Amino acid sequence: GEGGNKRKAANDAPSGSASGAKHYKAKHLLTSKFRGVSQHRLTGRWEASIWVDKKQVYLGGYDKEEKAARAYDIAAIRCKGKQARLNLGQANYAPKEVEDLQQMTFHDLVAKLRRESSAFSRGKSKYRGVSGHKVATSFQRPWEARIGRFNGKKNVFLGLFETEEEAARQYDRALIISKGLSAKTNFDIREYEEEAMKLLDERRRVQGNEEEEEGKAGGAGGARGADGAGFSQGQGQGQGEAGTQEAQWRKVAGTRSVPNLKEMLYKKFASGEFSM
């Protein structure tokens, strides 16, 4: 969209570009003299990112601006080779280092940069918006997702998860809901549209089956009603047990509610508000 293009232009504009720098600073308040680098206004970390295939890829959070600039350069060399416009100049990267970068897949390189970032060295996840939760390990959900701002609130808890990837996807959903399709997500933003469309297809099938069942009459309908009542009762009991466990997780995390982000994001795509 237009907003994403403006953001891309600002992020990739040369350090001396007045228009790009002005727009980026106005929107994010804290910017950098380096290409592909911005300062997080809440944590103060210098974050690196690069645009690849029309998607902004997060490269990690760093304690020094130059470290973030180097992370961008490394990713740019891997993607664009000698044509890459670098922050620190080609002379800072030995031919052997450049050759090794070309041998790596982009996915592996991104994971490596994130692991080496200061965010990871402080014990956090390689994914943005994810951190370890020691107490929650007793519930087999050691990874916590949080977002700085969501729905008008600050530092919003998004849930506890078994894997880093699940927590990262939860964070991504909240970020897309907040910032639209220009959001800097951990995973390809198109995956979330596919997720929403699968949910839409599933609901259409369920609705079709329900309408077919309602069309049937007679004793079978009465029997089905009795069976349905039993199922609902059992389902309610199961939900109650799950609710109790969920309440325990919430208590550990110090929060009373977890937003249903899959549902919220599904509605955005289903209504046509979001369109890839």
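Tutor: A salt bridge is counted when a side-chain nitrogen of Lys or Arg lies within 4 Å of a carboxyl oxygen of Asp or Glu. Please keep in mind that this is a predicted model. One case is the pair Glu263 and Arg203, whose side chains meet in a salt bridge at 2.4 Å, N to O. Glu263 lies in helix H10 (residues 261-270) and Arg203 in helix H8, 60 residues apart, so the pair links distant parts of the chain.

Student: How many salt bridges does the structure hold?

Tutor: The structure holds 12 salt bridges. Among them is the one between Arg169 and Glu191, at 2.6 Å, N to O. This pair also links distant parts of the chain, with Arg169 in helix H7 (residues 164-179) and Glu191 in helix H8 (residues 190-214), 22 residues apart. Arg169 is partly exposed at 27% relative accessibility, and Glu191 is partly exposed at 32%.

Student: What separates Glu116 and Lys112 along helix H5?

Tutor: Glu116 and Lys112 are separated by about one helical turn, because they are 4 residues apart in helix H5. Their side chains meet in a salt bridge at 2.7 Å, N to O. Lys112 counts as partly exposed because its relative accessibility is 32%.

Student: Which residues are linked in a network of salt bridges?

Tutor: Arg45, Glu47 and Arg128 form such a network.

Student: Let us turn to the sheets. How are strands of a sheet held as partners?

Tutor: Strands pair through backbone hydrogen bonds, and the pairing is either parallel or antiparallel. In this model, 3 strands form an open sheet in the order S1-S2-S3, with antiparallel pairing. Strand S1 (37-39) and strand S3 (55-62) are the edge strands, each pairing on one side only. Neighbouring strands are turned by 30° against each other on average, direction ignored.

Student: How many bridges join strand S2 to S3?

Tutor: Strand S2 (residues 46-52) is joined to S3 by 7 bridges, and the two strands run antiparallel. Within this pairing, Glu47 stands opposite Gly61, and Trp51 stands opposite Gln56. The hairpin of S2 and S3 has 2 residues between the strands, and Asp53 takes a positive phi near 55° there.

Student: Is strand S3 largely enclosed or left open by the rest of the structure?

Tutor: S3 is largely enclosed, because 8 of its 8 residues are buried. Helix H3 (residues 65-80) lies across S1, S2 and S3 and runs at about 15° to S2. Helix H5 (residues 106-116) lies across S2 and S3, at about 30° to S3.

Student: Which strands make up the open sheet that contains S5?

Tutor: That open sheet has 3 strands in the order S4-S5-S6, with antiparallel pairing. Strand S4 (130-132) and strand S6 (153-161) stand at the edges with a single partner strand each, so one side of each is left without a neighbour in the sheet. The twist averages 30° from one strand to the next. S4 and strand S5 (residues 143-150) pair over 3 bridges in the antiparallel sense, and the bridge partner of Val130 in S5 is Ala145. Helix H7 packs on this sheet, touching S4, S5 and S6, and its direction makes about 10° with that of S5.

Student: Finally, which residues have the most contacts inside the largest nonpolar core?

Tutor: A nonpolar core joins buried residues of types such as Ala, Val, Leu and Ile through side-chain atoms within 4.5 Å. The largest one here has 25 residues, and those with the most contacts inside it are Ile50, Val57, Leu59, Phe106 and Leu113. S2, S3, H3 and H5 each supply at least two residues of this core, and H3 gives the largest share, 8 residues. Leu113 touches Leu59, Tyr62, Ala71, Ile74 and Ala75, leaving aside residues up to four places away in sequence. A second, separate core of 24 residues includes Tyr127, Ile147, Ala174 and Ala196.

Definitions and conventions. Residues numbered from 1 in each chain as written. Predicted model: local features only at pLDDT ≥ 70, side-chain atom pairs only at ≥ 80, totals over all residues. Heavy atoms only, no water. Pairing = 2+ DSSP bridges. Axes fitted to C-alpha atoms, helices over the stretch in contact; angles between N-to-C directions. Contact = heavy atoms within 4.5 Å. Buried < 20%, exposed > 50% of the residue type's maximum accessible area, 1.4 Å probe, protein only.
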